[in-house]
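Open the model in your viewer and keep the selection panel at hand. The stops below are meant to be taken in order.

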Amino acid sequence: MQDQTALKSTNSLSSNIGTEPVIDLTGLCFSYSEKASPILEIDRFQVHSGEMLFIMGPSGSGKSTLLSIITGILLPQQGEVKILGQSFSQLSGPARDRFRADNIGYIFQMFNLIPYLSVVENVILPCQFSSSRKKRTGNHSSSIRHEALRLLTHLNLQDPGLLSQPVVELSVGQQQRVAAARALIGHPKLVIADEPTSSLDTEHRESFLRLLFDECLKSGATLIFVSHDTTLASLFSRVIELKKINMAPGASGGGKT
Amino acid sequence: MRNILLLALKSLRNRKFTVCLTIISIGLSVALLLGVERIRTESRNSFTNTISGADLVVGARSGPIQLLLYSVFRIGYATNNISWESYQEISAFQDVSWVIPISLGDSHRGYRVMGTERNYFNHFSYSSEQKLQFATGVPFNDLYEAVLGSEVARKLGYGLGKSIVLSHGAGEISLIEHDDKPFTVVGILSPTGTPVDQTIHVSLESIEAIHIGWQGGVPQAGARISADQVRRLKLKPTSITAFLIKLDSPIATFKVQRAINEYREEPLTAILPGVALQQLWQLIGIAENALMAVSAFVVVVGLFGMLTTLMTSLNERRREMAILRSVGARPAHVFSLIIGEAVLVTASGIAFGIILLYGLLLMAQPLLISHFGLHINISFFSSYELLLIGIILIAGVVAGLVPGWKIYRYSLNDGMTIKT
């Protein structure tokens, strides 16, 4: 528990560093079709640089929709989405995809890895789609590989035998750590984790989270962690309940999860 | 783009088994299509190369194609003979430069024997005006001398001085042998890639000699005349099967042709070999087109197999697409990944098909020449074949558009939400 408080204090410390918000949503309103009632209505939502934010919400609360908007997959009908100072409404779909490739690391709930790629190939995948992340890891295939191995080592995946295994044969915990390494490679400014721990058992959850915090701190990335599991909330510098900021009346049902 | 192709390659490698089956089925269909096309053009070439130099082919009255087939290609049999007198009279026509008589009807171990005159070796030409060449030896001079086509010598292992016995009739196994009058091999021709290679050449007098004392296609009992007795008889041919005419000027071709077709003494047919070949192609063309159509459909079936493989994999790959989107892949990337797979599979299929085709051609070449007298050149692709290959590749891309478009839609709709 001592470690936790220590972690928490560093997090809150770093939260004050950023000047411009990493995420800035204003007057947001989103529905999946014109006739459907909005699933997401957010008046104002900001995340600052270096924050470790926990977004809490049960399924159906619009979590996935919110993440799709933040990552630029979906555009809201109303309101402004500004990520790292960039307004999404001015960007085309491919430009938003490129922006995501350059700036956002993403971890899924489970089955994060491309089955036909090796562990290292999975980790360096973002560098294939983003020249700036490639540049930040040294631009060379050898330096990219080196960085991938460094991240994997930090996440306790240094065993050569493990690295040569087909990714589908790794344990769920190992897969999630590979996914974390992939999200972190090339120092993206924003790391989003969508329930990355729900497939892990309690013991591994905390250690996984610690590794994730550690790496985000080192690379100066802002972390957004989405989960319905409140037991982890205490580890974060800030906790937000989605239903507190989402004013949409139809948010509790019918949404995507 | 290179990255996407590399991804496509790795993804295909992950599904080795089904992908290999698809590649094999496309490869087989490609080999079939190109094979049919190759046989078609090569057989035409082979036929066209067989005769050059002669302006007219003359035989007993029959259809032009039949006359061409038995006289030049040694396929089928003559309906009737031409009398020696008619032959001589026509040879004396104005405008006639030279004539080559052909007398068929005997064989040696399945190879046809052709009676002719020595001028055959000077005038007969094949391919583009190429004359016959002797690999070894000289033209026949004596009554019991023979000149072998290159393949006859090679297949039967005959050399100069070898004594051979001719058989009556053109079958592989003959019941009646001219064993009382053996022939000596005095010359062997160089390979021509035409039916000449499968022919044994003797003089017209020799043909008469071995049939002397025969009546109605069988030897008459008690009427055997020995080889030496025959020699003293100073035989003159009484009839021949067909003859080739070369005119002084091709302008006279139609005039001479009409004169022969209206010849009073005997019902004869004179044909222009080129025209008769065209008629043959028209006849065969229907079957060829049917074969090509069937082969094309087989290719379509092969591509549908690939389409099925790609389509069935799509649903399970939606997760993969979501992951790719999360690392910054655009829907266009996802689309090109599938198209890339289609292109890789089709291209590998084509490559496999081409290897298969050339392998089969190499194996079939000796068989075709020995069984059908069909010489197949193993050459690089013709522009038409390259066109066919291009069309197949494009068809593969088009087939890939369907799953590509579908995954593009999925990818737009799903975004990074994982659907299973």
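The tour starts with one chain, crosses the interface, and ends inside the other chain.

**Before you select anything**

This is a predicted model, in which local features need pLDDT of at least 70 and side-chain atom pairs count only at pLDDT 80 or more, while totals for chains, interfaces and linings use all residues. Residues are numbered from 1 along each chain as its sequence is written, chains are lettered from A and ligands numbered from 1 in the order in which they are written, and side-chain values use heavy atoms, with hydrogens and water left out.

**Stop 1: chain A as a whole**

Helices (H or I, at least four residues) and strands (E, at least two) are DSSP runs, numbered from the N terminus. Of the 257 residues in chain A, 55% are buried. Buried means under 20% relative accessible area, exposed over 50%, and partly exposed in between, with a 1.4 Å probe and protein chains only. Next, consider contacts, meaning heavy atoms within 4.5 Å. Among those in chain A between residues at least 6 apart in sequence, 76% join residues at least 24 apart.

**Stop 2: an open sheet in chain A**

Select β1, β2, β4 and β5 of chain A. These four strands form an open sheet in the order β2-β1-β4-β5, with antiparallel pairing. Two strands count as paired if DSSP finds at least two bridges between them. The edges are β2 (40–47) and β5 (86–87) of chain A, each of which pairs on one side only. Now zoom in on β1 (residues 23–30) of chain A: seven bridges join this strand to β2(A), and the two run antiparallel. To find a facing pair, select Cys29(A), which stands opposite Glu41(A) in β2(A). Strands of a sheet pair through backbone hydrogen bonds, either parallel or antiparallel.

**Stop 3: where chain A meets chain B**

Show both chains and color them separately. How many residues of chain A are in contact with chain B? There are 27, and they touch 27 residues of chain B. The area buried between the two chains is about 2400 Å², with carbon and sulfur atoms giving 62% of that area. Buried area is the accessible area (1.4 Å probe) that two parts lose on being put together, summed over both. Select Phe108(A), Tyr116(A) and Phe129(A): in chain A these lose the most area to chain B, together 32% of what that side buries.

The count of salt bridges between chain A and chain B is two; a salt bridge is a side-chain nitrogen of Lys or Arg within 4 Å of a carboxyl oxygen of Asp or Glu. Select Asp97(A) and Arg325(B), whose side chains meet in a salt bridge (3.0 Å, N to O). On the side of chain A that touches chain B, α3 (93–103), β6 (104–107) and α5 (125–129) of chain A each supply at least two residues. The largest share, five residues, comes from α3(A).

**Stop 4**

Arg40(B) is buried, with a relative accessible area of 18%. Leaving out residues up to four places away in sequence, Arg40(B) touches Glu288(B), Asn289(B), Met292(B) and Tyr384(B).

Move along to Thr50(B), also found in helix α2 of chain B. Is Thr50(B) buried or exposed? At 2% relative accessibility, Thr50(B) counts as buried. Residues that Thr50(B) touches, beyond those up to four places away in sequence, include Val72(B), Phe73(B) and Phe124(B). Thr50(B) and Val72(B) are 22 residues apart in sequence and 7.4 Å apart in space, C-alpha to C-alpha.

**Stop 5: strand β8 of chain B**

Select β8 (residues 145–148) of chain B. Both faces are covered: Glu145(B) and Val147(B) on one side, and Ala146(B) and Leu148(B) on the other, are all buried. β8(B) pairs in the parallel sense with β11 (residues 183–189) of chain B over four bridges, and Glu145(B) stands opposite Thr184(B) in β11(B). Two bridges join β8(B) to β12 (residues 199–203) of chain B, and these run antiparallel. Here Val147(B) stands opposite His201(B) in β12(B).
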